[in-house]
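Subject: Structure for you to look at

Hello,

Here is the structure I promised to pass on. Please open it first and then read my notes beside it.

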Amino acid sequence: MTQDKLNILVLGSGGREHALCWKIKQSPLAGALYCAPGNGGTGLVAQNVDLNPENAAEVIAFCQNQAINLVVIGPEAPLVKGVSDALREAGIPAFGPSAAAAQLEGSKGFTKDLCAEANIPTAAYGRFENAADAHEYLKTHPAPIVIKADGLAAGKGVIIAMNDQEAHDGVDMIFDGAFGDAGVQLVIEEFMEGEEASFFVLTDGKRAIPLATAQDHKRVGDNDTGPNTGGMGAYSPAPIMTPALIEQSLDEIITPTLTTLAKRGTPYTGVLYAGLMLTQHGPKLIEYNARFGDPECQVLMSRLESDIVPALMACAHGDLSDIALDWSPDTAITVVMAAAGYPGTYQKGSQIKGLEAAAENGAMIFHAGTQEKDGVTIANGGRVLNVTAKGETISLARGIAYEAVSRIDWDEGFCRSDIGWREIERQKS
């Protein structure tokens, strides 16, 4: 191996991490590539490693033994637990914010308070540590209203209450432990009218490079019905995020956030994901995520034409001044296939067939909740596969993706049939 090759470890086990490994593997700079703990798909492009990504000591020991030059932290939990801090203290470059900066995702209340401090447009809110005060607040703030568990809840700790009873029930459900420790506190927010969009930037703590835009589909059912999930599909670009809206979002939301964190002595480095509501008064922040979205990462990596490794390293070293990224003009779309019952109770262990046939029409199958056992792909999670395709238009990309879905033989799985519907409707009008 030549000296300029980089040994890289990706932490995580979802579709996002498969997409990151897939993209990193294409880099001429990539040497040995590992994923911990990985899944059935990451094992096709990287070496899966049986490590707990939230255990900093385990991760550091592996990195020292394998001469790792860069650690890419995929999920939010290791970030909030300070794994990136520990790696940097050990002299190992890490892509991902510090635990202090990752509180943007780790605590909804933290972010709402920062927005108030920096005058960032967002929904009006209240923070609560007990049910009695929350119920009292609801008496003067009628539905529709949004109830959120304060901490990390795998994208599921949000209740959009369309009537007052749902709001009170949501408060009780969270404080009764529906989302575990994530619900020790909660935030009640104004219900914002508009369309959601996902906006990503890479940042070194000082400057921000906008990435491609995307839209995801949070609800489990067609026509955006049913409970929220971690995401049932996504597409990129999101033309509703016009250049003017991108600039406005940078000026009014992203830059004040980065400036405020830097002034506090906790600069943010890595990828910052802003969930936006595009209201009649302009973009407003719904919430921040301290990592690539999942499944948005899958469509972003499909459209990224530049080598991703220099950008990841530049973030890790705190200097993006020489980085520029090129994107395919095509549309990418991903359809999430989930286990029956998701986001509620679901069964693991069912066999998935037809993945090779599904990829024959040009689709890419990113694995999320899978395991490989004796050459057989087994479902091992709630969101299991991300069937991803590119095309000159969203309709063409969607056609390829759903054709691939139809070739997958998995009776215990399901997916939404309308991913990308908003943009397709716009193009018809």
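Strands here are DSSP runs of E with at least two residues, helices are runs of H or I with at least four, and both are numbered from the N terminus. This is a predicted model, in which local features need pLDDT of at least 70 and side-chain atom pairs count only at pLDDT 80 or more, while totals for chains, interfaces and linings use all residues. Residues are numbered from 1 along each chain as its sequence is written, and side-chain values use heavy atoms, with hydrogens and water left out.

A cis peptide bond also joins Ala 143 and Pro 144, with omega about 5 degrees. Pro 144 sits in the loop between helix H7 (131-139) and strand S7 (145-149). Asn 119 is not a glycine, yet its phi is positive, about 60 degrees. Its place is the loop between helix H6 (108-118) and strand S6 (125-128). For background, most residues other than glycine have a negative phi, and most peptide bonds are trans.

Next, the sheets. Strand S2 belongs to an open sheet of 5 strands, ordered S3-S2-S1-S4-S5, with parallel pairing. Strands S3 (47-48) and S5 (94-95) are at the edges with a single partner strand each, so one side of each has no neighbour in the sheet. Two strands count as paired if DSSP finds at least two bridges between them. Strand S1 (residues 6-12) and strand S4 (residues 70-73) pair in the parallel sense over 4 bridges, and Ile 8 has Leu 70 in S4 as its bridge partner.

An open sheet of 3 strands has antiparallel pairing and the order S19-S22-S21. Here S19 (351-352) and S21 (370-373) are the edge strands, each with a single partner, so one side of each is left without a neighbour. S21 is joined to S22 (residues 376-379) by 4 bridges, and Gln 371 stands opposite Ile 378.

How do H1 and H11 lie relative to each other? The axes of helix H1 (residues 15-25) and H11 come within 8 Å and cross at roughly 110 degrees. Axes are lines fitted to C-alpha atoms, for helices over the stretch in contact, and angles run from 0 to 180 degrees between N-to-C directions. H1 and H11 are therefore roughly perpendicular, a label used for 65 to 115 degrees. Leu 20, Lys 23 and Ile 24 in H1 meet Ile 308, Val 309 and Leu 312 in H11, where contact means heavy atoms within 4.5 Å.

Finally, there is 1 cavity of 30 Å³ or more. A cavity is a set of points, on a 1 Å grid over the protein atoms alone, where a 1.4 Å probe fits but cannot get out; lining residues have an atom within 4 Å of a point. The largest cavity has a volume of about 60 Å³, the volume being the space filled by probe spheres set on the points, which are joined across faces, edges and corners. Its lining residues include Phe 292, Met 301 and Trp 327, and helix H11 (residues 308-316) gives the largest share, 3 residues.

Regards

How values were computed:
On a 1 Å grid over the protein atoms alone, a cavity is a set of points where a 1.4 Å probe fits but cannot get out, and a pocket is an open set with protein on both sides within 12 Å along at least five of seven lines; lining residues have an atom within 4 Å of a point. Angles under 35 degrees count as roughly parallel, over 145 as roughly antiparallel, 65 to 115 as roughly perpendicular and the rest as oblique.
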